[in-house]
Amino acid sequence: MTRHLVRNIVTLGLLAFAAAPALAAERPNPQAEDKARTLVERNQRVIAAFAHPTASYRDLAHVDTEKLPGGFRVTYQLNYKAFRGCGCSFYSRLAFEFDDAGVFRTVETAGRNCTVAPFTASDAAIGVVRAVVRNEPDLRDNYQILRMFETYDARDMMKFVMALSR
């Protein structure tokens, strides 16, 4: 009985030892993850404003970090209180994708319990500015301004603002 127990413990130890490198490979580089999380956490109010500009931002909570081919994804839950109406609490989960060095690539919605999807109101506001730029002769003749508002959405503009914070 004792030899059987010892053999099982040794076997489990060897399996754990063999599995450790595989598990480590499924995690992003700790420095890159720290860089990524610092970027999101430092810019949480900017992110919150782009995601839901008409709500009152409350706080941010890290949900998950997931290794991807060529990078990783860090998911956060942003908690809000509705600005109008009942003043209900709601959240949006945003998945921020980074390359292996921790350089921000993009952000996508990873879940929500609210009616309006993240970035919808900001995209609508950008659409209004786009219409003004198209109808204003001094602005529509400026290629850089015209191109920026024709091609960028709220996520792109948020990425630009976050890049300035480095």
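Author: The largest nonpolar core has 31 residues, and Leu78, Phe96, Phe98 and Met158 touch the most other members. A nonpolar core here is a set of buried Ala, Val, Leu, Ile, Met, Phe, Trp, Tyr and Cys residues joined through side-chain atoms within 4.5 Å. Buried means under 20% relative accessible area, with exposed over 50% and partly exposed in between, using a 1.4 Å probe and protein chains only.

Before going further, a word on where this comes from: it's a predicted model, where local features need pLDDT of at least 70 and side-chain atom pairs count only at pLDDT 80 or more, while totals for chains, interfaces and linings use all residues. Residues are numbered from 1 along each chain as its sequence is written, and side-chain values use heavy atoms, leaving out hydrogens and water.

Two or more residues come from each of H2, H3, E1, E2, E3, E4, helix H4 (120-135) and helix H7 (154-164). Strand E2 gives the most, with five residues. Those labels are DSSP runs numbered from the N terminus: helices are H or I with at least four residues, strands are E with at least two. Overall the chain has seven helices and four strands, in the pattern α-α-α-β-β-β-β-α-α-α-α.

The strands make an open antiparallel sheet in the order E1-E2-E3-E4, where two strands pair if DSSP finds at least two bridges between them. Its edges are E1 (56-68) and E4 (104-112), each pairing on one side only. E1 and E2 (residues 71-81) are joined by eleven bridges, and Lys67 stands opposite Phe72 in E2.

H2 (residues 30-42) lies across E1, E2, E3 (89-99) and E4, at about 25 degrees to E2. H3 (residues 44-51) packs on the sheet too, touching E1, E2 and E3, with its direction at about 70 degrees to that of E2. For these angles, axes are lines fitted to C-alpha atoms, for helices over the stretch in contact, and the values run from 0 to 180 degrees between N-to-C directions.

The whole structure holds six aromatic pairs; rings of Phe, Tyr and Trp (its six-membered ring) pair if their centres lie within 6.5 Å, and planes under 30 degrees apart count as stacked, over 60 as edge-to-face and the rest as tilted. Tyr76 and Phe96 are edge-to-face, 6.3 Å centre to centre with 75 degrees between the planes. That pair links distant parts of the chain, from Tyr76 in E2 to Phe96 in E3, 20 residues apart. Phe96 also pairs with Phe104: the centres are 6.1 Å apart and the planes at 45 degrees, so this one is tilted. Tyr76 and Phe96 are buried, and Phe104 is buried too. Put together, Phe72, Tyr76, Phe96, Phe98 and Phe104 form one aromatic cluster.

Terms used: Contact = heavy atoms within 4.5 Å.
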